[in-house]
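Have the structure open while you read.

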Amino acid sequence: RKMANRIHSEFPGSHVSTDVFGSSSNDGDIYDLKALSQTDIDYIMMMTYDYTTTSYWDGKKAAPMSPLYGNAGWNTSTHLLSAANQAGSSKIIMGIPYYGVNFRVKAAEIYKYNALLSDTGSIVSVGQVNSEDYAAVYPSTKRWNDSEKSTWFPYIYSSGNEHRQVYIDDARSLEAKYDFVNE
């Protein structure tokens, strides 16, 4: 509150925002969105990504890092609607991911959505997915999960020993997110 007031007084016409976890609307333990909305902070940016992280380990399932729907309610649309109910939609900004997660998965599950992991993952950018590194497999193996509005693709790493799945926010999944916000 003090920072927002100071910035507004020293820089007339400025906008002040704060960011919070995408799931912050689930509970008030970390952030009280209603109380934040009643301060002079102009916007609350919901970080609607990292629902699945690279720290997932053997035995967990690969998944999109920013599912719009599905995922048993642990998704961006549910959390954004809840945040808008708590803080008002004019205060909420949706943080958009322009990256994804590249997971090593069990060989027998490579073509199965949400395959079991065999190791931790790594971050992959949209630019990397469109680069020569993935040219042999993307977009030829690109797939779509309509319930979560998620793009993913399986591939076998060049050594032949690593079976992988990439879950990426590309043009199609981002369009679904933009359409949701516009609604």
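Is Tyr 167 buried or exposed? Tyr 167 is buried, and its relative accessible area is 2%. Keep in mind that this is a predicted model.

## Aromatic pairs

A pair of rings is described by how far apart the centres are and by the angle of the planes. Searching the whole structure turns up nine aromatic pairs. Take Phe 103 and Tyr 167: their ring centres are 6.3 Å apart with 70° between the planes, an edge-to-face pair. Phe 103 sits in strand S4 (residues 99-104) and Tyr 167 in strand S8 (residues 163-168), so this contact ties together parts that are 64 residues apart in sequence. Phe 103 has 0% relative accessibility, so it counts as buried. As noted, Tyr 167 is buried too, at 2%.

Next up are Tyr 113 and Trp 152. Their ring centres lie 5.4 Å apart and the planes meet at 70°, so this pair is edge-to-face. Since the cut-off for that label is over 60 degrees, the angle of 70° qualifies. Tyr 113 comes from the loop between S4 and strand S5 (122-125), while Trp 152 belongs to strand S7 (residues 150-156), so the pair links parts that are 39 residues apart in sequence. Tyr 113 has 17% relative accessibility and counts as buried, because buried means under 20%. Trp 152 is buried as well, with a relative accessibility of 5%.

## Arg 164 and its partners

What does the charged end of Arg 164 sit over? It sits over the ring of Tyr 157, 5.9 Å from the ring centre. Arg 164 also has a salt bridge with Glu 162, at 2.7 Å from N to O. Both Arg 164 and Glu 162 are buried.

Side chains of opposite charge can pair when their charged atoms come close. How many salt bridges are there? The count comes to six. One of them joins Arg 6 and Glu 10, whose closest N and O atoms are 2.3 Å apart. These two residues both belong to helix H1 (residues 2-10) and are four residues apart, about one turn of the helix. With 54% relative accessibility, Arg 6 counts as exposed, whereas Glu 10, at 43%, counts as partly exposed.

Lys 149 and Asp 146 form a salt bridge as well, with 2.9 Å between the closest N and O atoms. Asp 146 is partly exposed, its relative accessible area being 47%.

## The largest pocket

Now for the open space. The largest pocket holds about 190 Å³. Which elements each supply at least two residues of its lining? They are helix H3 (76-87), strand S3 (92-95) and helix H5 (171-182).

The lining is made up of Leu 80, Leu 81, Ala 84, Ser 89, Ile 92, Ile 93, Met 94, Phe 180 and Val 181. By residue class, that lining divides into eight nonpolar, one polar and no charged.

Definitions and conventions: Residues are numbered from 1 along each chain as its sequence is written. This is a predicted model: local features need pLDDT of at least 70, side-chain atom pairs count only at pLDDT 80 or more; totals for chains, interfaces and linings use all residues. Side-chain values use heavy atoms; hydrogens and water are left out. Rings of Phe, Tyr and Trp (its six-membered ring) pair if their centres lie within 6.5 Å; planes under 30 degrees apart count as stacked, over 60 as edge-to-face and the rest as tilted. Buried means under 20% relative accessible area, exposed over 50%, partly exposed in between (1.4 Å probe, protein chains only). A charge sits over a ring if NZ of Lys or CZ of Arg is within 6 Å of the ring centre and within 35 degrees of the ring normal. A salt bridge is a side-chain nitrogen of Lys or Arg within 4 Å of a carboxyl oxygen of Asp or Glu. On a 1 Å grid over the protein atoms alone, a cavity is a set of points where a 1.4 Å probe fits but cannot get out, and a pocket is an open set with protein on both sides within 12 Å along at least five of seven lines; lining residues have an atom within 4 Å of a point. Grid points are joined across faces, edges and corners, and a volume is the space filled by probe spheres set on the points. Ala, Val, Leu, Ile, Met, Phe, Trp, Tyr, Cys and Pro count as nonpolar, Asp, Glu, Lys and Arg as charged, and the others, Gly among them, as polar.
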